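Trainee: I am new to this structure. Can we go through it by question and answer?

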Amino acid sequence: MTISRLVVQLNCLSLFLVALLILLTQLSGLKVSDLFFHPYFSPNPTVALLTRIFQILCSVPVIVCTFTYGLAKNIQPRHIENRFILFSALLTGGFMLNEIYRIHIYMIALGIPKLGVSLLYAVVLSSYGWFFRRELQFTPYQILLAGLGLLFFAIGVDALNFKSKIISSLLEGVPKLFSEINIAFYYWYVCKCFIQKAFYQTINS
């Protein structure tokens, strides 16, 4: 099965499950926006459910990249591509911490403009892409770009401040969720191929 077909199937299945969850939420008498609340204790398990799923997905690239880096360092300690995996773990780890602890909200509260915070994150992301452009070219980076595109779309929707809570939640929450589905899949696939390549090189050497 090709990588593109696998990605399409993953996104179609995820879209079906999200649509089913939205339907069940409406039938249970809750608002669709409840699915995207910031997590807090609630007797109803569907409240903030998609937000929690998103945060769990944020941890996948961190765990996978960190494990891969530790394994690769033992297999081929001086391989130049190890840095790509290490900085991928650091980048995705920073994103995960930001989503869990809402660091950008605190930065805005300290007086840093929202545009300034966005530019800071854009510079970090651009630097990552520039320094590891060679490594990225040998991966299915289109998946990563699609995930980042969905993320920036969600950020743009958040900045528009729609009056309708349901529309705002769907237009921001669903693309954000799918952005992390694709980003998590991308790093899982990259790390899997990286470890396989490292093992083959070790066996053949």
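Trainee: Is glutamate 81 buried or exposed?
Mentor: This is a predicted model, where local features need pLDDT of at least 70, side-chain atom pairs count only at pLDDT 80 or more, and totals for chains, interfaces and linings use all residues. Residues are numbered from 1 along each chain as its sequence is written, and side-chain values use heavy atoms, with hydrogens and water left out. Buried means under 20% relative accessible area, exposed over 50%, and partly exposed in between (1.4 Å probe, protein chains only). Glutamate 81 has a relative accessible area of 17%, so the word is buried.

Trainee: Which residue forms a salt bridge with glutamate 81?
Mentor: A salt bridge is a side-chain nitrogen of Lys or Arg within 4 Å of a carboxyl oxygen of Asp or Glu. Here the closest N and O atoms are 3.6 Å apart.

Trainee: How many residues apart are lysine 197 and glutamate 81?
Mentor: Helices (H or I, at least four residues) and strands (E, at least two) are DSSP runs, numbered from the N terminus. Lysine 197 is in helix α8, while glutamate 81 is in the loop between α2 and α3 (82–101). The pair links distant parts of the chain, and the separation is 116 residues.

Trainee: Which residue meets glutamate 99 in a salt bridge?
Mentor: The N to O distance is 3.1 Å. Glutamate 99 lies in helix α3 and its partner in helix α8, so the pair ties together parts that are 77 residues apart in sequence. Both residues are buried. The partner is lysine 176.

Trainee: How many salt bridges does the whole structure have?
Mentor: Another one joins glutamate 135 and arginine 134, with the closest N and O atoms 3.6 Å apart. Glutamate 135 is buried at 9% relative accessible area, whereas arginine 134 is partly exposed at 41%. A search of the whole structure gives three.

Trainee: Which residues does threonine 68 touch?
Mentor: Threonine 68 sits in helix α2 (residues 49–75). Its relative accessibility is 3%, so it counts as buried. Contact means heavy atoms within 4.5 Å. Leaving out residues up to four places away in sequence, threonine 68 touches Ile85, Cys191, Phe194 and Ile195.

Trainee: At what angle do the axes of α1 and α8 cross?
Mentor: Axes are lines fitted to C-alpha atoms, for helices over the stretch in contact, and angles run from 0 to 180 degrees between N-to-C directions. Residues of α1, including Leu6 and Leu10, meet residues of α8, including Leu177 and Phe178. The axes of α1 and helix α8 (residues 165–204) come within 11 Å, and the angle is roughly 145 degrees.

Trainee: What is the area of the nonpolar surface patch that includes Leu17?
Mentor: Leucine 17 is in helix α1 (residues 3–27) and is partly exposed at 47%. Patches are made of residues with over 30% relative accessible area and no salt bridge: like charges are joined within 9 Å, nonpolar side chains (Val, Leu, Ile, Met, Phe, Trp, Tyr) within 5 Å. Accessible areas come from the Shrake-Rupley method with a 1.4 Å probe; for residues, only the protein chains shown count as cover. Leu13, Phe16, Leu17, Leu20, Leu23, Leu24 and Leu27 make a patch of about 720 Å².

Trainee: How many helices does the protein chain have?
Mentor: Buried residues make up 38% of its 205 residues. There are zero strands, and the helix count is eight.
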